[in-house]
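Good morning, colleagues. I would ask you to look at the sequence and the structure together while I take you through several helices and some aromatic pairs.

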Amino acid sequence: MTTTEATATDDGFHVFDTTLRDGAQREGINLTVADKLTISRHLDDFGVGFIEGGWPGANPRDTEFFARAQAEIDFKHAQLVAFGATRRAGGNAAEDPQVRALLESGAPVITLVAKSHDRHVELALRTTLDENLEMVRDTVSYLREQGRRVFVDCEHFFDGYRANPEYAKSVVRTASEAGADVVILCDTNGGMLPAQVQAVVATVLADTGARLGIHAQDDTGCAVANTLAAVDAGATHVQCTANGYGERVGNANLFPVVAALEIKYGKKVLPEGALAEMTRISHAIAEVVNLTPSTHQPYVGVSAFAHKAGLHASAIKVDPDLYQHIDPERVGNTMRMLVSDMAGRASIELKGKELGVELGDDRELVGRVVERVKERELKGYTYEAADASFELLLREEAEGRARRYFRTESWRAITEDRPDGSHANEATVKLWAKGERIVATAEGNGPVNALDRALRVGLEPFYPQLAKFELVDYKVRILEGKHGTQSTTRVLIATSDGRVEWSTVGVADNVIAASWQALEDAYTYGLLRAGVEPVE
């Protein structure tokens with residue numbers, strides 16, 4: 001893992017993402033370690049400066065994430081951040097097991113949460129106001145001595161400032177003097193309004209001289225506005241989550257915050273060209289967490305630049321800027337009039353370049369890909385989190401033929417309900433590979449697992465590379481349309497060869513058929529990556 005301090009620009013302004021910790025507290029999100037690693041890669045590609053990975057030592061999943069992230073991810077832009085609390089009252093930071101876990105995570109940056117509301121100190125920590133300050137001072141200075149960069153989150157700061165402004169400021173001052181690089185003012189309850197935030201941040205900055213950041217919850221619907229108000233007042237560190245995920249109604253949304261900073265404020269906070277990837281990154285993360293992307297999300301929503309017929313359409317024919325505040329291509333989105341998909345020529349060309357598929361200046365080829373994507377998205381396919389399936393589609397159009405390593409004659413999956421309440425799952429596949437007909441049967445712990453095993457049993461003698469393939473994640477979504485068991489089903493599968501992972505998609509009127517499509521693409525793409533020449 002790269003721990004260099006090189007970021008999108010310099011250290012003068014921080015974009016800090018906490019999707020993996022604070023965002024994961026949203027109801028309905030339950031991230032696996034694989035999910036967290038995938039999201040980390042997306043965020044690093046986007047160019048955020050810091051990725052808060054979780055609370056090592058607090059739960060095994062976060063501890064595993066930090067260990068794997070160090071071994072498996074070479075961060076190009078971001079630094080990994082471990083989150084934890086100040087040492088316990090009456091203790092010593094050097095001997096505190098939770099503080100030790102933060103160091104053992106290997107993260108170069110540590111964020112400490114500290115109490116800044118006097119009532120929380122007395123009622124939640126059950127200690128004195130002076131001891132709380134000593135907890136902050138001791139923990140920050142100890143971690144600095146150990147070579148870690150330290151940020152301090154002042155929890156419930158704005159409520160605490162309202163109740164006891166001098167004490168709230170003393171926490172900020174203590175953290176800064178102990179060596180914290182940034183002290184973050186947290187609107188933990190999300191009750192603030194922009195003018196209030198701007199006034200408080202300006203006062204605290206003037207009175208303490210500390211470098212300040214902002215962490216805003218969205219309970220008043222003002223998290224993005226509050227974040228920008230803090231920047232107006234002098235904050236140089238913004239904490240956000242992808243798509244605004246977070247507890248209750250969520251956090252400040254990373255994407256409109258960054259877009260406003262880059263486009264409206266003229267601040268360079270991302271690497272060159274990264275802003276144009278914003279829509280793709282937003283939707284890819286939504287697919288990983290298995291939540292439908294918000295169609296009306298600013299900048300990146302599918303409807304963000306959508307226009308119906310009438311006055312708007314007439315004006316847009318003359319000049320699209322008459323009804324759009326920015327060119328949607330700046331954020332990787334597209335203007336829509338009638339079509340309901342997001343694929344445009346620019347996005348196809350950018351994605352082709354990213355995937356290493358040469359499209360050249362062949363406008364006819366790009367047009368065919370765009371139309372095919374539109375057609376398939378209308379059926380329920382999505383390629384935002386299924387790069388492997390998209391690359392296969394792209395190569396098929398570019399090369400004029402599909403990559404085929406095997407041909408499916410038929411498949412079937414049987415689930416047997418036994419009297420004792422257990423189930424037996426068996427699958428049979430009939431395939432053709434290298435001119436030979438194959439019939440293979442396997443059992444599994446579910447029908448999809450049985451199909452996966454049968455496919456492997458049948459093909460491994462012809463393609464030994466498959467022995468390294470492993471299905472590592474599986475997601476199902478029922479799409480809009482028919483109701484209940486008649487609904488269209490989308491399946492996303494993540495596969496690994498032990499070094500890298502790739503994702504594929506399948507759509508059908510039942511989950512098993514959709515799963516089979518995704519499995520076929522997964523095996524085909526894996527063999528392509530392994531350098532195996534197709535036979536058909």
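A residue is called buried here when its relative accessible area is under 20%, and exposed when that area is over 50%. Please keep in mind throughout that this is a predicted model.

With that cut-off, let us turn to helix α11, residues 278–288. How many of its residues are buried? The count is 11 of the 11, so helix α11 is largely enclosed by the rest of the structure. Just after α11, N290 takes a positive phi of about 65 degrees.

Helix α1 is mostly covered, with 11 of its 14 residues buried. Among the buried residues are V33, D35, K36, L37, H42 and F46. The residue that follows α1 is G47, and its phi is positive, near 105 degrees.

I move now to helix packing. Two packed helices are described by the angle between their axes and the distance between the axes. For helix α4, residues 118–125, and helix α5, residues 129–145, the axes come within 9 Å and cross at roughly 90 degrees. That angle makes α4 roughly perpendicular to α5. On the α4 side the contact is made by D118, V121, E122 and L125, and on the α5 side by L129, N132 and M135. Sorted by class, this contact has 4 nonpolar, 1 polar and 2 charged residues.

Finally, the aromatic rings. The count comes to 15 aromatic pairs. One of them joins W55 and F83, which are edge-to-face, at 5.2 Å centre to centre and with 75 degrees between the planes. This pair links distant parts of the chain, 28 residues apart: W55 lies in the loop between β2 and α2, and F83 in strand β3. W55 is partly exposed, at 27% relative accessible area, whereas F83 is buried, at 5%.

Another pair is F469 with Y523: the ring centres are 6.1 Å apart and the planes stand at 75 degrees, so this pair is also edge-to-face. Here 54 residues separate the partners, with F469 in the loop between α16 and β12, and Y523 in helix α17. F469 counts as buried at 6% relative accessibility, and Y523 is buried at 2%. Ring pairs link F469 and Y523 with W502 and Y525 into a cluster.

How values were computed: Residues numbered from 1 in each chain as written. Predicted model: local features only at pLDDT ≥ 70, side-chain atom pairs only at ≥ 80, totals over all residues. Heavy atoms only, no water. Axes fitted to C-alpha atoms, helices over the stretch in contact; angles between N-to-C directions. Helix = DSSP H or I, 4+ residues; strand = E, 2+ residues; numbered from the N terminus. Parallel < 35°, antiparallel > 145°, perpendicular 65-115°, else oblique. Contact = heavy atoms within 4.5 Å. Nonpolar A, V, L, I, M, F, W, Y, C, P; charged D, E, K, R; others polar. Buried < 20%, exposed > 50% of the residue type's maximum accessible area, 1.4 Å probe, protein only. Phe/Tyr/Trp six-rings, centres within 6.5 Å; stacked < 30°, edge-to-face > 60°.
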